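Open your viewer and keep the selection tool ready.

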Amino acid sequence: MSRRMTVAIAMQPEVAALALTEALVARLEESAAVQPDVITDFTDPAAGERLANIDVLLTGWGCPLVDRDVLDAAPRLRAIVHAAGSVKHHLTPAVWERGILVSSAVSANAFPVAQYTVSAILLAGKRAFRLADAYSRGHYKNKLADDIGNHERVVGVVGASRTGRMVLELLAPHGFQLLVSDPTLDARAAAELLPAGQVQLVELDDLLRRSDVVSLHAPALPETHHLLDDRRLALLRDGAVLINTARGQLIDTEALLRHCATGRIDAVLDVTDPEPLPAGHPLLALPNVTVTPHVAGAMGTEIRRLGEFAVAEIERLAADQPLHGRIHEDQLALLA
């Protein structure tokens with residue numbers, strides 16, 4: 001662009017403080033004029049005045065809904081760059097209808113989720129969660145038990161999302177047999193996920209029957225609601241571990257409770273349905289279920305990665321270069 005861009009920031013102020021350090025803001029100001037203060041309410045008259053002069057809206061967690069009224073107030077708006085993951089819940093289709101470019105730091109947010117997931121898979125293979133609970137009650141390990149260990153275990157990844165693909169890449173060196181199930185993949189696309197023969201594309205029911213560990217990475221869509229219902233949970237082999245760092249709605253919670261309560265399968269859940277679980281929920285008391293409070297995605301210092309990605313995107317926009325995190329309208333339906 002020949003004219004210097006103007007950028008407004010719309011997100012929770014505490015998120016902005018973590019995502020956009022002074023050094024990052026200074027770097028951004030080399031490419032664009034950055035409006036002071038953070039917009040938290042688009043209906044505020046002062047926000048309306050500021051929107052009239054912006055070319056780029058830099059959003060993050062807590063950004064208000066960007067609807068037609070907001071777009072009408074921002075006639076110069078050229079791009080929305082989201083310093084977080086999914087844009088589904090704060091952008092309306094009107095954004096794409098007006099030809100506005102959209103970019104998301106979803107790939108930067110996927111990395112800590114993949115790290116968490118791989119850590120959970122490795123610890124689950126060692127039965128670390130169940131053994132830690134037993135240790136707290138006076139029982140020590142049995143290192144000769146044949147259901148403990150990661151050597152030649154079968155790991156099934158449900159959903160070849162950005163996170164699912166990263167998980168497969170990170171697991172590849174560990175000697176697992178890797179399976180993947182995703183209705184959007186064909187054999188050729190699956191073969192491109194990892195070097196020759198390292199991952200096998202299978203139907204979901206087959207993956208559930210064969211896997212020692214199943215990790216969910218599918219989006220929350222009407223067709224994936226309770227993807228793992230009572231019938232599919234029953235397909236899991238005895239001793240299998242189910243890991244969910246995607247969306248709680250993928251699993252029928254009551255059915256999962258029944259299967260875990262028998263001790264037949266274990267679960268590691270970073271997301272639940274409902275979320276958060278109410279105090280005293282029976283899943284929280286089971287020794288073979290570990291529940292964390294939605295911590296797999298970017299937190300604390302990791303949020304800076306999202307800001308770094310967003311600033312780099314705006315730099316690319318200023319240089320008329322392709323955006324690395326561009327989100328097209330036809331991708332919306334498949335986003336988490």
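Start by selecting Ser104 and show its side chain. That side chain reaches the backbone oxygen of Gly85 at 2.4 Å. Keep in mind that this is a predicted model. The Ser104 side chain also reaches the backbone nitrogen of Val106, at 3.1 Å.

Is Ser104 buried or exposed? Ser104 is buried, because its relative accessibility is 1% and the cut-off for buried is under 20%. Now select what Ser104 touches. Leaving out residues up to four places away in sequence, the contacts are His82, Ala84, Gly85, Val87, Phe309, Gly325 and Ile327.

**Next stop: the sheet**

Switch to the cartoon view. Ser104 sits in strand β5. Strands of a sheet pair through backbone hydrogen bonds, either parallel or antiparallel.

Zoom in on one pair. Select residues 56-59 for β3 and residues 79-82 for β4. These two strands pair in the parallel sense over 4 bridges. Click on Val56 in this pair; opposite stands Ala79 in β4.

**Next stop: a helix**

Select residues 162-171, which make up helix α8. Which residues of α8 are buried? They are Thr163, Gly164, Met166, Val167, Leu168 and Leu171. An α-helix has 3.6 residues a turn, so residues three or four places apart point the same way.

What covers the buried residues of α8? Show α6 (106-125), β6 (154-158), β7 (177-181) and β8 (199-201), which are among the covering elements.

**Last stop: two rings**

How many aromatic pairs does the structure hold? There is 1. Select Tyr135 and Tyr140 to see this edge-to-face pair. The ring centres are 5.4 Å apart, with 65° between the planes. The pair counts as edge-to-face because that label applies to planes over 60 degrees apart.

Tyr135 is exposed, at 56% relative accessibility. Tyr140 is exposed as well, with a relative accessible area of 61%. Both labels follow because exposed means over 50%.

Terms used
Residues are numbered from 1 along each chain as its sequence is written. This is a predicted model: local features need pLDDT of at least 70, side-chain atom pairs count only at pLDDT 80 or more; totals for chains, interfaces and linings use all residues. Side-chain values use heavy atoms; hydrogens and water are left out. Rings of Phe, Tyr and Trp (its six-membered ring) pair if their centres lie within 6.5 Å; planes under 30 degrees apart count as stacked, over 60 as edge-to-face and the rest as tilted. Buried means under 20% relative accessible area, exposed over 50%, partly exposed in between (1.4 Å probe, protein chains only). Two strands pair if DSSP finds at least two bridges between them. A polar contact is a pair of N or O atoms within 3.5 Å; within protein, one must be able to donate a hydrogen and the other to accept it, and residues adjacent in sequence count only if both atoms are side-chain atoms. Contact means heavy atoms within 4.5 Å.
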